[in-house]
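Good morning, and thank you for coming. I shall present one structure today, and I ask you to keep it in view as we proceed.

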Amino acid sequence: MAGELSSTIQTYRLQCSTADSASGNLATLLYDLPFYDEKENASFFESRDILALLPHGDIESPQEFPIPLEPPNSCHTNPLMVQELRRLRRSRHPYPQVLKLDHFLHQPFDIQVAVLEFCHPLDIKSLSKTCKSLRSFLLHPSSQPLWMASFQTHTSVLPPMPENVTAMRWMDLLFGDTLCDSCGGGNSFTDFVWKSRLCEGCRNIRFLDPRPSLREFIVGSLVTGAQKYTVPCLSRGKAPIVELLKLRSAIEAIQDTPQALEDFQETRRNFVQKDIDHAELCNAWRDSLEASFCFEWVSLRDIIIDKVNKRLVLHGFDPRDVRACQSDLRTLFQLETPSGRWIRNSKLTESMWIYARVHIEPRLLEVKASRISRALRKRIDSRENDIFHGYTKYFRPNLVSPWLWPEIPPAFAVFKHPAFSHLINNNVEVDLDDERHTNIPMCSIRAAFDQLVNEGWIDDWRWKKMKELASYLPSYNSTSLEDADPTTLDRATSVFWCLGSRYGSYTAGRCLLGWEGAAPHLRCGALRSSWGGRLHFNERGAAAARECVRMTGLWTEKELEAVTAAEMDALDRRFLCAQCEPKDFGNFKGRAAMTWRECVSHAIDKLIDNDTLHKPAPSFLLLSPKSESHVKSREHPEPTAKHKAWTCNHCNVHCGQLVTKEVAIRHLKESHFMSAPVQNLDFVYFAHAIYRSPRTPVTFQESPPLEYECTQCQAAGHVIRLYCATQIQGHLSRKHDLCPVMQLGRDILKLGSALWYSEPPTQEQTAEDITRHHTEIPLCETDVVGMGPIYLE
């Protein structure tokens, strides 16, 4: 009997050595083994004394965490175990022969142990759940060598078992449920550095950061990825408090013996490096399994989502809406959600379908409504675009002068006319996918324009807008729009701005003076749907205009509000901002000399910039006639050629799209065959263009003051400019070759009046300054101090 049993075991081991030990197919290994008497083998196996007869029966019972037979909750199942079981099933024969467990239980005990040594640890764990006899045997501490042999057989697919951990404990660390070893809480992952599984709370209690002197001799466990990974690290990381105390005690015991301390340090370094290498190997194994698991799970999820999509289409949902909800379906089936854990194969179960439909149908309805809304908006935009092109073609032959262009209503205002509203909204929801219902025939557009012109709608719109702007002024006290006086828009204090286009490098929208400034801006796109669809009165700009009118000294306080913009333009005075500090330009300091319109725009810009110096009411300085003449001589002529505000005066090709001066001249030469176009005759500058950048004001020098002028230039009829004490000498030397000899009174004159007024000048003061403007005031000897080599004669 014994010889036959020994021969059988040797034959079995020979068969196993040639088989694929990684597969561990229990049924395949037992298929050819002889069977024994059922009663004899059953009584032999049921005897508990057999455990003591095993060759490893004298092993001490280690302190183990028992392997749970059933997880307390499916969400605590270790995904590594699931993926390893899948790998095992795929690596075995596609059609294994299924044998009953009795075939295995009726074998001799030695053969059963030998077979189990070649099985995968997960197969042994599954076998321990079949009956009480196998459970009591496989989970007994004496079965430690059996588990060790199983791990050693499968070293190609499993990380090596460490020396300081028992086999059953290692089995629990690799494939056990994700429960904390201390408190039993979930969401706990294996720490391959310290061979433990702790939750975040228990880990913070039992682990501490080691001192810098101990970091070289102990491995710190670095937690990353929301407690999912614990990687080894020497420079940082935490270690168990117990191990830190043991290490410190061991070092303190031998610190007086240098040789022993050096040997201990060397041994400890080797031990630490060995732990680091093993932990990195285990983490790499876990990464490979999780990557494989995630890849397979995503593939299964995509298959299930495709099946959900097909079923949704069969239930009447539009395929375009279903395609737009793919991200929502992927979010619905995530690995962390309960619905994601249902995905174990490519089968769409009824519970999955009900869950997906309940959650995705509201989203599908939202997507459908959004798609229809976009299609409607696209059709309406297309029809409005057709009307806009017809609008341009209709008015170009009828409008010759560019000065009439601001009087034309914007296109979005024309869309509200009943004739055009009918063209836009007629059958707008019929068959949104058919392009034939999108465009509007040109004959219908022309007929609508004829109706608009015959009704006098354009004049009515213009008059209504003028009354509407006049009603925004503070002087308007009535509640009826009919009582508004459009003539008040001609006042200099009628300042408006567009809240939708007040920012940027263009003056458009920030400062709109009167009807001539506001009318071109009524076609701004921001007024179509935002900011109440209207312009707003600017109190800051009106205060700046009122201050400029006051500084001229030509009107009383009661007459300030009645001054028109045309009267201020005729005066053409220059002002300095009294609230701005003189800017340092290196050789001199000065401020910008502005027209009254630029002063209004300057005050509004400072309001937008929230400048603290300009918080009080606007205040300006009026330049004297001599200073004003000097500033105007240095100003660049308006208009600027680079402004997109030029147009041809012979056709309306630039209607609604103004160009630069160069483009306008090129158009005249190519289209009208003019060799030398004349400005203001063949092409004109549209001063109220929307895209008009601001003019750069001239800087008026204040320090050192400009208080000298050249009489040689005045006698020759040249442009008279002012100079400071250091500039006049260079001018006479460079232009008139009078250096170093200059005659006072004949070559140099000093101004006898102020450069500016801080208060409105009186009529007598203004007349006196004008007289002094033409009077020679010779220099005295004390006036030339610091002017260089000027010789008195």
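Let us begin with Phe-175, which touches Asn-78, Leu-80, Met-81, Glu-84, Leu-122, Lys-125, Leu-158 and Trp-285, leaving aside residues up to four places away in sequence; contact means heavy atoms within 4.5 Å. Please note that this is a predicted model, in which local features need pLDDT of at least 70 and side-chain atom pairs count only at pLDDT 80 or more, while totals for chains, interfaces and linings use all residues. Residues are numbered from 1 along each chain as its sequence is written, and side-chain values use heavy atoms, with hydrogens and water left out.

Phe-175 is also one of the residues that touch the most other members of the largest nonpolar core, which has 53 residues; Leu-116, Leu-138, Trp-170 and Trp-285 are the others. Such a core is a set of buried Ala, Val, Leu, Ile, Met, Phe, Trp, Tyr and Cys residues joined through side-chain atoms within 4.5 Å, and buried means under 20% relative accessible area, with a 1.4 Å probe and protein chains only. Apart from this core lies another, of 45 residues, including Leu-376, Ala-419, Leu-452 and Leu-473.

I turn now to helix 10, residues 144-153, where Gln-144, Leu-146, Trp-147, Ala-149, Ser-150 and Phe-151 are buried. Helices (H or I, at least four residues) and strands (E, at least two) are DSSP runs, numbered from the N terminus. What covers these buried residues? The cover includes helix 7 (109-117), helix 8 (121-127), helix 9 (132-138) and helix 11 (167-175).

Key. Buried < 20%, exposed > 50% of the residue type's maximum accessible area, 1.4 Å probe, protein only.
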